[in-house]
Amino acid sequence: MRLSTPKAAFLLAISSLWAWGLADVAAQGRPQASYADTLHTVAGELRIVELERNCRYEVTINGKRLIATDCDDEQDPNASAPRPEILVYSKVPAKPFSEVVIFQQQMAGNACDGGPLWLLGLRADGPASLSTNVDFCGGAQPSIAVEQDRIVISIPGGPRNRGEGVVPGENWLYQNGELTRMKHKRGLGLPCTSVTSHFQ
């Protein structure tokens, strides 16, 4: 469009300043959009937020950051799998928590079928609690079983997604707010309630 009047030049200058202001807001790393599910939990609103398009994410409760990931940060243990994804939202109590959310970190590429898993214990009258990570990269996807006061994560093992060798099978127990690897015992019974959906 050809500018022929002082008024048109003024409008162009204002629109340019407005656009630069928006770019500045984006450059400050403020949340741009919700990446995945927003859950209304007993502890408040839980969100996974994508900060920018270059692999930066946050998990928040009521706007308070619980975990942040950045694929460009070599010190970030989740740099290779920065994108959190909700696998299970369980309302079956697992004392001392009344709800548990299970996450899996996802990669930007396809080197792994999925990344590490971790659990978030929630209650109305106390702080949220993050578990340690369960390392995962290949083989069949883990299955998750929920019972009153405990959750079992079973990694069946099998061929790797890429390369040679196999992933060993293992089981993890979440109980009393602690995540521990279970010792393999012949005839070990696992909970019969298997969670196959995102919400329990």
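A contact here means that heavy atoms lie within 4.5 Å. Among contacts in this chain between residues at least 6 apart in sequence, 40% join residues at least 24 apart. The structure is a predicted model, in which local features need pLDDT of at least 70 and side-chain atom pairs count only at pLDDT 80 or more, while totals for chains, interfaces and linings use all residues. Residues are numbered from 1 along each chain as its sequence is written, and side-chain values use heavy atoms, with hydrogens and water left out.

**Overall make-up**

Of its 200 residues, 40% are buried. Buried means under 20% relative accessible area, exposed over 50%, and partly exposed in between, with a 1.4 Å probe and protein chains only.

Two strands count as paired if DSSP finds at least two bridges between them. E5 and strand E6 (residues 99-106) run antiparallel and are joined by seven bridges. Two of the bridge partners are tabulated here.

| Residue | Bridge partner in E6 |
|---|---|
| Arg83 | Gln106 |
| Glu85 | Gln104 |

Seven of the eight residues of E5 are buried, so this strand is largely enclosed by the rest of the structure.

**Aromatic pair**

Rings of Phe, Tyr and Trp (its six-membered ring) pair if their centres lie within 6.5 Å; planes under 30 degrees apart count as stacked, over 60 as edge-to-face and the rest as tilted. The count comes to one aromatic pair. Phe103 and Trp118 form this stacked pair, at 4.3 Å centre to centre and with 10° between the planes. Phe103 lies in strand E6 and Trp118 in strand E7 (residues 117-122), 15 residues apart. Both residues are buried.

**Nonpolar cores**

A nonpolar core is a set of buried Ala, Val, Leu, Ile, Met, Phe, Trp, Tyr and Cys residues joined through side-chain atoms within 4.5 Å. The largest has 19 residues, and those with the most contacts inside it include Val100, Ile102 and Ile151. Strand E10 (150-155) is among the strands that each supply at least two residues of this core. E10 gives the largest share, three residues. A second, separate core of 13 residues includes Ile67, Val101, Phe103 and Trp118.

Key
Helix = DSSP H or I, 4+ residues; strand = E, 2+ residues; numbered from the N terminus.
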